[in-house]
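The exercises below concern one protein structure. Work each task from the coordinates before reading its solution.

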Amino acid sequence: MAVRLGDEAPDFTAQTTEGEIHFYEWLGDSWGVLFSHPADFTPVCTTELGRAAFLKPEFDKRNTRIIGLSVDPLTKHSDWAADIAETQGSAVNFPMIADPDRKVSLAYDMIHPNAEATATVRSVFIIGPDKKVKLTITYPPSTGRNFDEILRVLDSLQLTAYKKVATPVDWKQGDDVVILPGVSTEEADKLFSGYRTVKPYLRMTPQPKD
């Protein structure tokens, strides 16, 4: 069964490269990024994990925990980590789930038989502190993910979760944002100093500060 936006993220217990975790307990009050890999010792995955490890401080700054998954066993994960550190210049610094029984993969609908009969496709789930799914992205096995885009979307999700705004096309941190249509003119006047009305339904304002 597909996991869709707004659904409660499936909880699970799994073995990882950092020991057994209980997913909800491991997340705590943090945001989370769960992303899957078709198999260990594959070239595209190797580059992705190196990039994710390099960017981990950026996820940390956003109160976000990252965790990978592969259907291969834990022993292969450990051996693969050495290759990632050697070839990518960044040692894996977050847990990798071993999912040989595909329990987690099936709960999150990560196996798409028409693409890969037994392995996971490149799924990405961003999960909020409320344990609800905030974003899903699915890439084919042949295409590596853009982690800068994942960070960009995370910034948007965190901003729009707490402010009455949405982010427009190609938005990045610090750009102007859109005031939600449900915000009245009176409320906009109080909340958003210096906003401009392009159309009655399109009101732009500088990104709100904390």
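Predicted model: local features only at pLDDT ≥ 70, side-chain atom pairs only at ≥ 80, totals over all residues.

**Exercise 1.** Give the strand order of the open sheet, and state which strands stand at the edges.

Solution. Step 1: seven strands make up the open sheet, in the order S2-S1-S5-S4-S3-S6-S7, with mixed pairing. Step 2: strand S2 (19–22) and S7 each have a single partner strand, so one side of each is left without a neighbour in the sheet. Step 3: on average, neighbouring strands are turned by 30 degrees against each other, direction ignored. Leu 69 stands opposite Ile 97 in S5.

**Exercise 2.** Which strands does H2 lie across, and which does H3 lie across?

Solution. Step 1: H2 lies across S3, S4, S5 and S6, and runs at about 170 degrees to S3. Step 2: H3 lies across strand S1 (13–16), S4 and S5, and runs at about 150 degrees to S5.

**Exercise 3.** Which residues of the largest nonpolar core touch the most other members?

Solution. Step 1: the largest nonpolar core has 24 residues, and Phe 35, Phe 59, Phe 94 and Ile 126 touch the most other members. Step 2: two or more residues of this core come from each of strand S3 (31–37), helix H2 (43–61), H3, strand S6 (122–127), strand S7 (133–139) and helix H5 (147–162). Step 3: another core, of 18 residues, lies apart from it and includes Ala 9, Ala 14, Leu 34 and Tyr 108. Step 4: not counting residues up to four places away in sequence, Ile 126 touches residues including Trp 31, Val 133, Leu 135, Ile 150, Leu 154 and Leu 157.

**Exercise 4.** Is Val 177 buried or exposed?

Solution. Step 1: Val 177 belongs to strand S9 (residues 177–179). Step 2: Val 177 counts as buried because its relative accessibility is 0%. Step 3: the C-alpha atoms of Val 177 and Met 204 are separated by 5.7 Å, with the two residues 27 residues apart along the chain.

How values were computed
Residues numbered from 1 in each chain as written. Heavy atoms only, no water. Helix = DSSP H or I, 4+ residues; strand = E, 2+ residues; numbered from the N terminus. Buried < 20%, exposed > 50% of the residue type's maximum accessible area, 1.4 Å probe, protein only. Core = buried A, V, L, I, M, F, W, Y, C linked by side-chain atoms within 4.5 Å. Contact = heavy atoms within 4.5 Å. Pairing = 2+ DSSP bridges. Axes fitted to C-alpha atoms, helices over the stretch in contact; angles between N-to-C directions.
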